[in-house]
Amino acid sequence: MQTNILAVPFRKGTQLSLSSAIRQYISTKYDQHPDMFRQDLEIIDSLRRDAVNVREPHPSGVARLQAYAGQLVWIGGKFPIDIGADFTWYPALGYNTERPVVHNNLKFELANILYNLAALYSQLAIASNRSTTEGLKTAASYFSQSAGVLKHLKTEVIPELRTTPPEDMDEHALDSLIQLQLAQAQECFWQKAVMDGYKDASIAKLAAKVSDLYNEAGAAAMRSEAISSSWIHHMSAKHHHFAAAAQYRAACDCLEKRKYGEEVARLRDAVACVAEGLRESRGGYLHKTVVDDLNGLKRRVEEDLKRAERDNDVIYLKPVPPKSELKILDRATMAVPRIPPQVSAPLDYLGEKGEFGPPLFTRLVPYSVHIAVSIYEERRDRLVNQNIIAELETLNERLHEVLSSLNLPGSLQAFEKPLGLPGTLVQHAEEIRQADALHRLQRSFADIDKLRAADLAMFEEGRNLLLAEEEEDVQFRRKYGTDRWLRPESRSEPSQGAKLWKQVTDAEGWFANSESSDGVVRDKFHSIEPMLAILAGPDRGLLDFVPSSRRTEIPETLRPAIGRLRTAYNNVTRIEGRRRRKAEALREKARSDDIKSDILTEAARLERTHAVATAIVPAHFEEFFEKRLDLLYEPDLELVQAEATEQEKLITELIQVNREFESQKKAVGDKGNREREQALQKLENAYYKYKELISNAEAGRKFYNDLNRIIGGFRDGARNFVADRRREARMLEDELNMPPLSNLSLGTQQGHVQQPVQPTGPSLNGWDATAYQGQQQRQSQSSFLPPPTQPRQQVQSPLEAQIQSWAPAGETVAPQPQPPRANPMQGVWNPGVGIKFANTPPPAGAASSSGGHPGNNTQQDTRQVSGTWDRNSAIRFG
């Protein structure tokens, strides 16, 4: 097998009984028995076993991996992502391949299966017979499909992972692998063009694109923590190899078109690129096949360069253009990512006659249906409790306000029961005692305080995290300046920051409003607490509080008015009792409103309507929800309006009758009844206020419980956001703290001098003759440099790789491993400042002490020595 290209290795997965986790989840979360799905459970285990055991590059593995991935996508619509199975996989790349990664996550399982599918395509490409044109076409197709699967993994699966992906699946690692597969696919097209005898110009375009893709793969690999140094060196060597190949083929085209000067320039650049590629072999990072390919190309290019220079110098005498005048080579892109349809649209291949077989667990209620049931129940409860029962309670409160303003029923009871306690008051007092009203309210208030404190602590934790991260960001911005610290502020960060800070503002408003509402409820309780204490006490206390009337008989003239008022009052209190019974009936109706059977029928209809390829989501049931709620609860909503209209009519009648009663009472005189009437009314008002407080306390408890879920989500979101921001800040700070690019060099030994850097813009051309000769001269003066230190493996910044003078503008060049220099100014030549020698010539008379020869001093030695080299003159040593 050829080893001049790289294959993506498989990720290793451990065996797991996925059916056990699914069985357990069905038995605990669904109303259906797991035994109904015995065959499906066996199939899913078999599919996973076959997919995990794909370890060899055989075409049969493609179908096994695709079938399991398709079923995973399908069951993702029926089960939650955290189904309860701990999927264990070992990384394929990086330095932690022996450390397993475990996640209870269906998407993580799908990501690993797709990764292995891409690896299988890559290995199938390498296993293809690339010595024939048909084999090259097959290999290019496999590489393109590998890149397509990796692209699908990066854009569609990893974003839904809900957790940090493994390091060999992060953005940079996947980018590098995608570009690597495309580079190798493009290389196959280049090799086929060579075999088929395409024109040199066309082959040069293909080779230039191969070099570009290897360059992009290497640049992404540099940012990844999973790509090894040997792979980076391989990508860089191939980048230089195909840069040289492109220039060589362009030079052949120039020879054919009799552009002899340009031919020489391009051949020189090809020689430089090959030399740069061979430098990657130092340290034993490259395979022998890659090195042999580079050496073979080097021999061929050098032979052609000697012939071209000789012919041009002797025969053609064409000027060799500088690189700035050479035209950048065009690119011919043949390799593009191709996502197999079985991966991009797997549900299309599920069915009785489908490639992946029938979809599993079709008889199981989809998970989205369970979510839809929860949404319906929440919407139904909100409709019943807020739009109907709460409105009825508001009407009752309005009724009690009117009765209290009319001093009813106290004014009636004072005349009807002048001695002792009225029967309704005794009933109310007994109810208060049985409910332990005072302690019940106090316990409710204590519970509300605990819930509020817990919610507030959770909110403050999340807010403090955001404030701390914001302060850290401000410190970094002050340290590095706004021109270098370019990431957005947390309050304006588009993905999560702005949303979280808006939640902070909203939550502060919620807590402020709830505090105000809690204060109103407490004030209401304190205002009636003495009366409740009397009602909760013994009857003796009630008798002491309610004075007896001095008048024991009702005046005859007042009896008709009292009768009419009693009738009107009873009519009003009767509708209150009716509403209470209606509210209880509504609650019972809502509890018995089981939508499951009907929603299953609707889900089956939707699946038939949208076909198997469309996953059912809760939004599909919106119309069904609206129709059902209208059918069941629209009459009750209309009842609220009817109740409001009837109440206003009865209140108007009650006010009119009470006005007549008051006028008659004044006529006969009400002395002796006023104190009893006021005492009875106070107790009656306290009882109804107590009923309101019970309702208020329940509403407050429900509010803080609901708020707890919202604030919990906010705090968790703040934790994740702050962790991501701090990780991003560390990476950005590390990048800003990197050593200056001038401290990096291309050599692997201290004695080597870097190739001259041309300051002009990047273009696909060669070195000029002067620079090339200067390089040869500098090789002879390495003895003047300081002794080499032990080289330490470093990675060169892309901007340092100026040797690839043919690269197009804006393109990032491949990284290079480099050792540090003790004094970069002594080992690196910049054409802008000339050559500065390590040993500056000593003053006159001191030559012998510095190792020179006094007898050889000439007239030139008397001139002032500047330590720089004049390009128009020769170089003198010593």
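Phenylalanine 714 sits in helix H21, which spans residues 674-736; helices (H or I, at least four residues) and strands (E, at least two) are DSSP runs, numbered from the N terminus. What we have here is a predicted model, in which local features need pLDDT of at least 70 and side-chain atom pairs count only at pLDDT 80 or more, while totals for chains, interfaces and linings use all residues. Residues are numbered from 1 along each chain as its sequence is written, and side-chain values use heavy atoms, with hydrogens and water left out.

Is phenylalanine 714 buried or exposed? Phenylalanine 714 counts as buried because its relative accessibility is 3%. The term buried means under 20% relative accessible area, exposed means over 50%, and partly exposed lies in between (1.4 Å probe, protein chains only). Leaving aside neighbours within four places in sequence, phenylalanine 714 has contacts (heavy atoms within 4.5 Å) with Phe459, Gly462, Arg463, Leu466, Leu500, Gln503 and Val504. From phenylalanine 714 to arginine 463 there are 251 residues in sequence, yet their C-alpha atoms are 9.1 Å apart in space.

I turn next to serine 19. This residue belongs to helix H1, residues 18-29, and serine 19 is buried, at a relative accessible area of 10%. Not counting residues up to four places away in sequence, serine 19 touches Leu41, Ile44 and Asp45. The side chains of serine 19 and aspartate 45 are joined by a polar contact of 2.4 Å. Such a contact is a pair of N or O atoms within 3.5 Å; within protein, one must be able to donate a hydrogen and the other to accept it, and residues adjacent in sequence count only if both atoms are side-chain atoms.

Now to the nonpolar cores. Each is a set of buried Ala, Val, Leu, Ile, Met, Phe, Trp, Tyr and Cys residues joined through side-chain atoms within 4.5 Å. The largest nonpolar core has 144 residues, and Phe79 and Phe361 have the most contacts inside it. Helix H4 (residues 106-127) supplies the largest share of this core, 15 residues. A second, separate core has 25 residues, including Phe525, Met531, Leu680 and Ala686.

Lastly, the sheet. In what order do the 3 strands of the open sheet run? The order is E1-E2-E3, with antiparallel pairing; two strands pair if DSSP finds at least two bridges between them. Strand E1 (12-13) and strand E3 (101-103) are the edge strands, each pairing on one side only. Between E1 and strand E2 (residues 87-90) there are 2 bridges, and glycine 13 stands opposite tryptophan 89 in E2.
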